[in-house]
Structures are given as structure tokens and as C-alpha cells.
Amino acid sequence: MAKSSSRRELVPGTLDMLVLDTLTLGSLHGYAIAQHIEKLSEDVLRVEQGSLYPALERLLRRGFVTSKWGETPTGRRARYYTITASGRKQLGEEISEFDRAMLAINRVMRRV
Amino acid sequence: MSRLDGWRHRLRVLLGREGYERNLDDEIRFHLELDSKQQRDGRERPDVMSARRRFGSVAYHKEETRRMAGLDLLDQAGQDVRHLFRGLRRSPAFAVVAVLTLALGIGLTTSVMSIVDHVLLQSLPFRDAGRLVTVFERQDGGAARLPSYPTVQDWQRDPAVRAAFDGLTFIRGDGVVLANGDSRETIGASYVTPDFFAILGARPELGRFLGPDDELASAPDAAVIAHSLWVEKFGGDPRIIGRRISIDSVPATVVGVMPAGASYPTFSSVWSPLSHYKKTDQITRRGLHADSRTIARLKVGIDSARAASSMRSIEARLAAEYPAEQARWTSVAFLPVRSEILGNIQPMLMTLAGAVGVVLLLACANVGNLLLARASARSRELAVRSALGASRGRIVRQLFTESVALALFGGVLGTAFAVVAVNLARKLPSSRLPRVEEVAVDARVLAVAFSASILTALLCGIWPAVRATRASSGASLRVGASGSVGTRSESKLRRSLVAVQFALALMLLVGAGLLLESFRRVAAVPLGFDPRGLVTVRVAPPASRYGKPEGAAALYARLMDALRAVPGVQDVGLIQHFPFTGSGIYTPIKVDGLASQDSASGEVFYRTVSDTYLKTMKMSVVTGRWFSADDIRSPGGSFIINETLAKRYWPGQSPIGRRVVIHRSSQGRADFGQPLDGTIVGVVADVHQASQDVAPNPEIYVPYTLEVWPWVTLVVRTRDATKAFPAIARAVTSVDPSLWLHNDATAAGFRVVDETISQSLEQRRFAMSLVGGFAACALLLSAIGMYGVIAYGVEQRRREIGVRKALGATDRNVASLVVGESLRVAAVGVVLGCVGAWAGARLIRGMLYDTGPADPLPYVVTIVVLAVVSLVASYVPARRASRLDATIAIRGD
């Protein structure tokens, strides 16, 4: 168990939130999601790209996203992820949750 | 919606395992390819290395993804199962013994407890059966009798009685001939009032019960029949309702079927309205106290003591009003209907329940022991796996799987065993086990037995795993490597378990021994007659032609003559109620010189016999004489009594020449109850009447011609009882073809006396053989346990033994070390077991005959047996230990 924690993203749940947020743009495959997150976070949240896939699996299980195999514009087979209605709802909740967490972190940081 | 999406996804993952893997590979490959192209930065070739770096470990992320998908648990479960089978294949003896032990424990417990529960504890098919009681009248001297119908009617009108009971009803019993097609058969009938069914609280299985309309004189004869009669005689035909049957040559209409197990009184197969009962004189007579039942339903909140006290005043009033019949019968007694139906089965069933409980405990101890042994044998394997990174949870789960699997196998096998055993038990005659025909494996009992075994398996399977993983794995590894005494507490625990097994086995063995001893002593009790070659034939001549006593007596004499002429027949006699058949009739007795009150418990068995009866039975005369042919020809005032009666009234004196008054006892006759005056002319040795473990009752014999019974039991001494039937049947029908007999020897009218007597011991034999069987199982299990512990101890102490040998210990020393250990464990078990056995034997005292709970013989034999068993069990390990090569043993492995 100890090994895996170092590879986790900064704040638990952040990656899920970022993925869901990314998918509000439309159906995307894994690599596109990774690229977008990287850009979005301006390399601040550096995570291994591979950890995207467990996160996607988690979201699939919870029914926040669905997936479907399709073709890329270049004609390659790829798995596309789409956010579901409950995914959107979850995203809204997680963002406010995240804001609260950030607020708390900031307060602590300032006091130190 | 979302939840549905999620579950659909999970289902897809579960079902398409291979597809899932392929997709994951494809997806990651796609990602890496795209990324390595993206990372090219103008270089010629895609930057695969950089993409990989950015991605992280493919294997790790895949594993994480699988974990997210829940596939890891599936994989591990699969691994556990594979491990399980591999492990069990490697030690099949362990697996087989463990599973069989559990199956035995669960199967025996479930079957026996299902039966006990059904027969003893489960409610009878009567609403609130606990409140149903049979009512007896009681004399202040202590004797009890069945109340007569006029008395019951007086009770029913009494306000105090009405306040105590929800109902009280009289049941007249009689034997009737049921004609169905060509067959005629005597069955038990009950004549009841309609409130009987409401008081009983049963529901008709089919049709309806008797109602007030059926009582009307103008109503056609209606009958409710028993479930058993319906099934046996009418094939369970649902169109039975409305069918005409013939009872005592009178047609009656079947209106309902009594549900199975609800036959009350138990002798009854048919219920008819009391108002239609033909022999009215038998229900109007206040002095008639036989062949009936009075039952009542206690009001809620009224116990039998309060109910009894509420009947004091009416009984006192009746005693004053009818001194001849009721004087001194001033109180009542209640017997729960449940007890009446179950009879004296309770001690036996409780004995079996106790024994089977011990077997279950022992099975659990044995499995626990096996699992502990296995865990310690594998402690090194577990330590290695733990050192190689298997998590503690993982190891515990693996052992968990193994224990649960064993428990489940054992449970399934045990359930099958229980089903078979219960089905066998259902075939037992109800004389041996009442109400057994409806028994089924009880789910609750099964659940309890199952849980007990699973719990044991889990405790003993997981505890070592937790210990093994908690201890630093290094220590465990070292312990395993050196083979030194590192697991002392564990071997101590195992030795205690074996001691407990020995104790439990001793309890069962002693129990079986005590039952065997009791059986031996009961069977050795002299009968007072010689049953070998004796057969009895019950003949009930039709009353239409042999209604007059003289006619019946002449018929009986002719029957005896005809039977005497049959080849192979040595002697022929007759009596009305033959011993060991459960029938008999009492007469009050008045002894000259003693007030009649002093004969309080003074009701004696009344027997009408022929002069040839004594010789046929090979009974013996103690003093005086037996009846002569003259006594039969002109029966007068000569009576003969048994020793018990002689001792009761004339202890230390001769009863010969004493005058007594008894009463005519054949209820169908007009002269019923009339006094018979006579002089005692002889005393015969006691004959056991009910069974050998019940002391004989006082008994008085009169010539059969003095009071000619409406039916008779012919007693025939033959050379070969089992072959005698056809010739005897022919002889009987040659006298009068209408004397119908069944065509086979199993018919109720024909009995081989040896078999009847053997049947009277049946319950004892049954309990004894079951407990004996349990004890044998227990002995085997304990032997296995002992062997396991001792063999393991030798394995653990290899080095120590090696050192001892190196220091000069002989083979003999070493062997006696091992054997001594085994005997020490056995001794602890024996001490514990003796205490337990003594306590247990006190609990089964009801089953013991002339054998105390501390009867030394079973204890001594058992202790010797257990000592031999522990010697045998330790023989192989002791041999192995004595043959150890010191150098190899010390060096270790």
C-alpha cells in the first residue's frame, strides 16, 4: 500500500474532477484527456499519465462516464469517454468540495 | 441512471474478462504511440522512452486499473481456490479426515436433533397443545382412575369447573370392526361430543369434523377417520368424503379426515358421535372407569394446580352424593396430553440428544486439532510467503478459504448424511419412536450444526494464520528451520484438545457401557414363563352368534381341542389379556379382614385363564395349587394370585384359604361389576406383564368359565413358532370358518411371543446401539487426534530426541518418552471424562436399570480401551522417534 501513495495525485479526487471537467468539452479518448489536463493545469499537477486509466475505470464503475470504441479522424481505433448526467452533477459537487478544501489549505498555509 | 451505467460496466468487465484485458492493452498502446509521436520534437523517430517515462509503469497502472475494476479480488479468489485444491491434493488424508469428521458431526447432530425436536419439542398439531390435559380422578390414597361419563357431565355443569377450563369433554373408546370390501379389521374408535374437536384444537385435513347436527337421533351415522386409516385403507383418495363405510356392521358416512399425528386418543382411528353409541349402559353407569378419556383445555393463566383446586368442591359433593362410586375420590390429577402421546420416550431421546451433542463437540475438537496441526506444519511456508511480500490479509484469506471450503464440504456431506438418516428413521415403527413418520431434517438444527462446524473451522484455521503473520516472519522461519520448541503454546493447545476428545469419547463409551449393562440386566430378568416356541392367536368371535357366555366358552374349548390336534403343537391354553401386549384390566379387590379402603392402590390385574394355561406357559406354582379341569367345568370360589399380590396383603403369611371379593370386569356384559366371592387356593410365581424393567403388578387368576370374555387369546406352545401359523390358522377356521384370520403371520391376531418380548426391549436396544455407534465414532476420532498430536510432537522434537540419543538414550528410552507423552494426555482426558461421564450418567438415569451412574465395570473397561487406543496411536510415532539417526536429527534439514 505504501508504494502507491507516492504516485497518487496531490489532493485525492482531484484527478477524477479534472477528468470529468475535461469531458464536459465532449467525448475524448484517454490520450486527449491526458493532454488536456496537462495543458489545463499548466504542468502544475504533474501526475503520471498512466494513472489516468485507473481513474477512468473508477469513473466508469461509478457511472459518471461511459465509454465506447470508435475511430479517430486518422482512422485509428480508440476508446472514447463521455460524461453522463450524473457525472456532471458529481463534477459540480466536487468542484465546490475542492474549493472548500483549497480554502482550508490556504488558511493553514497562511497561519504557518 | 448513473448507477445503472456503472453496473452495466461492471457486468461487462466480469463477463468479458479477456476482452477487457485486450481493450486495456489496446488503449494504453494507443496512448503511448500518440504520446511518443507528440514527443518527437522534430526528431526523426518517435520518442518512445519519453512517452514511457511520462506514462509511468505500464504494469503498475494496468494493475491499478484492474484493481479499480474489482478484478483483483476475483483473481485472488481464483488463486485461493487453486491453492486450496493444490494444498488438499498434497495432503488428501487431512482433507478426507477433516471433511468426514465434520460430515459425521453435522449429519449425526442434525438427524438426531431433528427427530428430538420434532418428537419432543415441536408442538403437536393441536392449537396451544401445552394447555391440553387428560383428567383423572384421584383417591386420597394416591390411586388414580379414569372418570366415568356421569361424573364428567356433573363436572361440565359446575361453574367452578367452567371457570377453570375452556372446555372439558368425555371420550368413550371401543374396538369396532371396520368392513371395507372383503376385509374386516378391528380398529380403535372414539365416541365423542362435538366440542371434542374444538377442545383438541385440530383442523380437519379434509372435510369437516362432527357438529351438533350429527348428534341428533335422526341424523345419519357420521364418522371422522384418522389420516393413517385414510391413507392405508382408502389409498388417500380425496373423494373419501361422503363415502359409506361399515362400522360394526352399521353403515356410516365419512365426513372428515383427522390430520396426521392428531389422532387422540392415540388408539383411535375413527371418531363418531357419542349420542349414537349403541352400548348406552356403558356410558350411563357411574361406576365404569375404563376405556375412556376425559380431556380438558386449561384457560389461559390457569395452571393445573389451580384447576385441580377448583374441582375440589364438586368432587366432594359427588363423593357425598354417590358414596358407592365416589367415596374418597375427592381430587383430580392432570396429565398433559403431550406426555400421554409421547409416553416414556423422553429419557431415551434426551440420552440420544446428549450423546450426539458430545459427538458434535468431539468432531469440532478433532477438526480444530487437524487444522492447528496443518497450520503449524505450514508455518514455515506461510512465513516464506509473508517474507516474499504476501500481505497478512492475503495469507489469512487463503487459510480462511481453506477452512471454509472444508467446512462447506463437510456440511454438504453431513446434510446428505442427515437426510438419509432421517429417512431411515421415518421407517421406524412408531412403537419405537412415536410421531416419527412426519419427521424431516430441521433447517434450524442444520443451521446450528453447520455454524458450529464453520465457526470451529474458522477459529482453528485463521487463528494460527494470524499468529504466524503477527510473529516476525524471521522468527517463524528460524523456528521452522531449526525444528526447536518454538510453538510450545500451540502444541499445548493441541494436547488439550486431544485430552478433551478423550474425555468426550470416555463419556460416550461409559454411557454406552451403562446402557449395555442395563440392557443385559433387563433382558436377564426372569419372565416368569418360557417364551420359546410360544405363539398367541387372538380370536374375537362374532357377537351375533357367540354373544352368550356359554356359547363362547364352548367355542373356546373346541378351539383348544382343535389346536391340540395340530402336529407340532405341544400345549394349548388361553387367557384374555396376554402379557407384554400392553393390554389388561383391573378389578378392585376386597380382602377379608382388611377394610376396603386399605386396598387403596388395590386394583389388581384380572385374568381369566384355562386350566392348561400354567403348563403351556411353563409358569410355576409357589404354594397351593393351580386350577384343575374341575375348576373349569364348575367354576366356583377358587382364585389364584401371584406372588406380588400375596406379599402385598399377607406378608410373611400364607394366603391360602383367605377369602377375597373381586368384580366382574367385562364391560360389554350385563353382569359387569358384580362381585365375585372366592377363596385363594394357590400362589403362582410372578409373570412380567408390561416389560421386564417394570415390576409385576398384583394379579388374580380366575377360571375362564367363571367370566367368559367376549374374545380370547389362545396360547400355543409349538416346536417352531415361526412355521406354525398356517396350520394354526387352518385349525381355527376348521372350528368355525367365520372366525376370520389374516392370511399372513404379520397380522395383529397372531404373535410369536419371543418377538413380542424382544420388541419390549426394542427402545433400549435402539438407544444402546445408537449410543454405542456414537461411541465407536468417538473412539476413532480420538485415536486420530492422538496420533496426530503425538506424531507432530515427535516431528517438533527431532533435535531434542537427537541430542538425547547422542547423549546415550536408548531406542527404548526414546520410545517410552513418546508413549509416556501419549499416556499423559490420555490420563488427563480420562480424569476429565470420568467426571463428565458420571454427571452425564446421572442425567440418563431414566434409561438405566439396576445400574448406578458410577457402576465400575463400564468405567474400567473404557479406561482400558482408551489406554490401548493411545498406545496404538503412539506406536508409529514412537517407532519413528526411536529410529531417528542422532546425527541427522541434530543437524536438522
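## Two helices across the contact

In this predicted model, the axes of H4(A) and helix H4 (residues 58-68) of chain B come within 8 Å and cross at roughly 10 degrees. Angles under 35 degrees count as roughly parallel, so H4(A) and H4(B) are roughly parallel to each other.

Who does the touching? On the H4(A) side you'll find A:Tyr53, A:Pro54, A:Glu57, A:Arg58 and A:Arg61, and H4(B) answers with B:His61, B:Glu64, B:Thr65 and B:Met68. Sorted by class, this helix pair brings three nonpolar, two polar and four charged residues to the contact.

Zooming out, chain A puts 24 residues into the contact and chain B puts in 26 residues. On the chain A side, two or more residues each come from helix H3 (30-40), helix H4 (52-62), strand E3 (77-83) and helix H5 (85-111). H4(A) gives the largest share of that side, with seven residues. By class, the chain A side splits into seven nonpolar, eight polar and nine charged residues.

## Cores

Now for the nonpolar packing. The largest core has 102 residues, and the ones with the most contacts inside it are B:Val359, B:Leu362, B:Leu504, B:Ala505, B:Leu506, B:Leu508 and B:Ala778. Helices of chain B that give two or more residues to this core include H17 (346-377), H22 (488-524) and H30 (762-796).

Take B:Leu508: setting aside neighbours within four places in sequence, B:Leu508 is in contact with B:Ala355, B:Val358, B:Val771, B:Phe774, B:Ala775 and B:Ala778.

How values were computed. Residues are numbered from 1 along each chain as its sequence is written. Chains are lettered from A and ligands numbered from 1 in the order in which they are written. This is a predicted model: local features need pLDDT of at least 70, side-chain atom pairs count only at pLDDT 80 or more; totals for chains, interfaces and linings use all residues. Two residues are in contact if their C-beta atoms, placed from the backbone, lie within 7 Å. Helices (H or I, at least four residues) and strands (E, at least two) are DSSP runs, numbered from the N terminus. Ala, Val, Leu, Ile, Met, Phe, Trp, Tyr, Cys and Pro count as nonpolar, Asp, Glu, Lys and Arg as charged, and the others, Gly among them, as polar. A nonpolar core is a set of buried Ala, Val, Leu, Ile, Met, Phe, Trp, Tyr and Cys residues joined through C-beta atoms within 7 Å. A residue is buried if 20 or more other C-beta atoms lie within 10 Å of its own, exposed if 12 or fewer, and partly exposed in between; C-beta atoms are placed from the backbone. Axes are lines fitted to C-alpha atoms, for helices over the stretch in contact, and angles run from 0 to 180 degrees between N-to-C directions. Angles under 35 degrees count as roughly parallel, over 145 as roughly antiparallel, 65 to 115 as roughly perpendicular and the rest as oblique.
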